[in-house]
Amino acid sequence: MYWVTPRHVAGDDGELAERIGDTLTCLGWRMWPTSRHTLLYVSPDELCGAEWILASYPFELGGLPVALQLSARTHTASAMTEWNAYFTTSVPHEAVTDLLLALDARDLPDADVMGPEAVLTAMTARGWIRDVDRPRTTVTDPGFCSSVSLEMVPPLIEDADPRPDLLGWQAWAEPVLGAPYLWCASFSASVPHALMAAFASSLASPAPVARRTLPKGSARLLTVVHRS
């Protein structure tokens with residue numbers, strides 16, 4: 001077992017589905033398989049859902065298949081979700097877990113009193129750097145291989161707001177410039193900034209994470225703090 005840092009290039013150790021499933025189960029979410037060979041989790045209040053959709057291969061982010069979709073609605077009678085977040089494999093499961101814990105602690109999935117600055121502040125407080133050209137929308141890790149940015153929402157990202165040209169938070173890791181992405185995450189326009197701040201702060205955390213295997217593309221960027 002390796003304890004490594006930084007976590008944004010540490011991958012998911014091939015355990016994203018298991019770790020997120022364990023977290024949701026501990027939070028009391030119910031799970032069942034679907035006819036599309038996916039695993040669907042629903043929160044106790046039935047306002048939030050999480051679905052492991054890798055088997056159905058719905059679409060890609062940065063050339064990587066989407067593996068996990070997180071969604072929320074304001075009331076149980078609503079057939080449409082208010083917002084959605086999408087993750088590929090290899091996204092650090094600690095960051096997704098902290099997002100889920102923040103979602104579980106909220107009274108309403110859509111209530112948001114924070115603005116985009118909360119996300120940027122959460123990351124700069126952990127040493128990430130604001131982009132010189134876009135200081136109010138984009139931050140990058142000190143090694144310039146991972147970014148979180150408020151961008152035009154990619155195609156197929158669903159949101160209750162039907163207006164075109166919406167901005168949503170996008171995050172990715174590109175350990176080697178021009179090489180394939182390690183992971184990508186996309187958040188629709190209505191994802192509360194407070195929840196995105198929880199994900200971003202965890203992503204930028206300097207705390208070491210445990211991994212049995214290290215991603216080949218980013219192994220050279222990782223510092224092994226401890227072996228056990």
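Colleague: Is E46 buried or exposed, or does it fall in between?

Modeller: In this predicted model, E46 has a relative accessible area of 36%. A residue is called buried under 20% and exposed over 50%, with partly exposed in between, so E46 counts as partly exposed.

Colleague: Where is E46 found, and what is the value of its phi angle?

Modeller: E46 is found in the loop between β3 and β4. Its phi is positive, at about 60°, although E46 is not a glycine. The two strands form a hairpin with five residues between them, and E46 belongs to the turn.

Colleague: Which strand is joined to β4 by five bridges?

Modeller: That strand is β6 (residues 64–72), and β4 and β6 run antiparallel. Here W52 stands opposite L68 in β6.

Colleague: How many residues of β4 are buried, and which way do they point?

Modeller: Strand β4 (residues 48–52) is mostly covered, with five of its five residues buried. C48, A50 and W52 point one way, while G49 and E51 point the other way.

Colleague: What describes a pair of aromatic rings?

Modeller: The general idea is that such a pair is described by the distance of the centres and the angle of the planes. A search of the whole structure finds four aromatic pairs. One of them is formed by F87 and F187, with 5.6 Å centre to centre and 85° between the planes. Planes over 60 degrees apart count as edge-to-face, and this pair is therefore described as edge-to-face.

Colleague: Where in the chain do F87 and F187 lie?

Modeller: The pair links distant parts of the chain, since F87 is in strand β7 and F187 is in strand β12 (residues 183–187), 100 residues apart. Ring pairs also bring in F199, so that F87, F187 and F199 are linked into a cluster.

Colleague: Are F87 and F187 buried or exposed?

Modeller: F87 is buried, with a relative accessible area of 1%. F187 is also buried, at 0%.

Colleague: Which residues are in contact with F87, leaving aside its neighbours within four places in sequence?

Modeller: The contacts include V66, A67, L68 and L70, and also V96, L99, C184, A185, F187 and F199. For A67, the C-alpha atom is separated from that of F87 by 5.9 Å, while the two residues are 20 residues apart along the chain.

Colleague: Which residues form a nonpolar patch on the surface?

Modeller: M1, W3 and V225 form this patch, with about 260 Å² of accessible area together. W3 lies in strand β1 (residues 2–5). Its relative accessible area is 34%, which means that W3 is partly exposed.

Colleague: Which residues does a cis peptide bond join?

Modeller: The cis peptide bond joins T5 and P6, with omega at about 0°. P6 lies in the loop between β1 and α1 (16–26).

Technical notes: Residues are numbered from 1 along each chain as its sequence is written. This is a predicted model: local features need pLDDT of at least 70, side-chain atom pairs count only at pLDDT 80 or more; totals for chains, interfaces and linings use all residues. Side-chain values use heavy atoms; hydrogens and water are left out. Patches are made of residues with over 30% relative accessible area and no salt bridge: like charges are joined within 9 Å, nonpolar side chains (Val, Leu, Ile, Met, Phe, Trp, Tyr) within 5 Å. Accessible areas come from the Shrake-Rupley method with a 1.4 Å probe; for residues, only the protein chains shown count as cover. A salt bridge is a side-chain nitrogen of Lys or Arg within 4 Å of a carboxyl oxygen of Asp or Glu. Helices (H or I, at least four residues) and strands (E, at least two) are DSSP runs, numbered from the N terminus. Buried means under 20% relative accessible area, exposed over 50%, partly exposed in between (1.4 Å probe, protein chains only). Two strands pair if DSSP finds at least two bridges between them. Contact means heavy atoms within 4.5 Å. Rings of Phe, Tyr and Trp (its six-membered ring) pair if their centres lie within 6.5 Å; planes under 30 degrees apart count as stacked, over 60 as edge-to-face and the rest as tilted.
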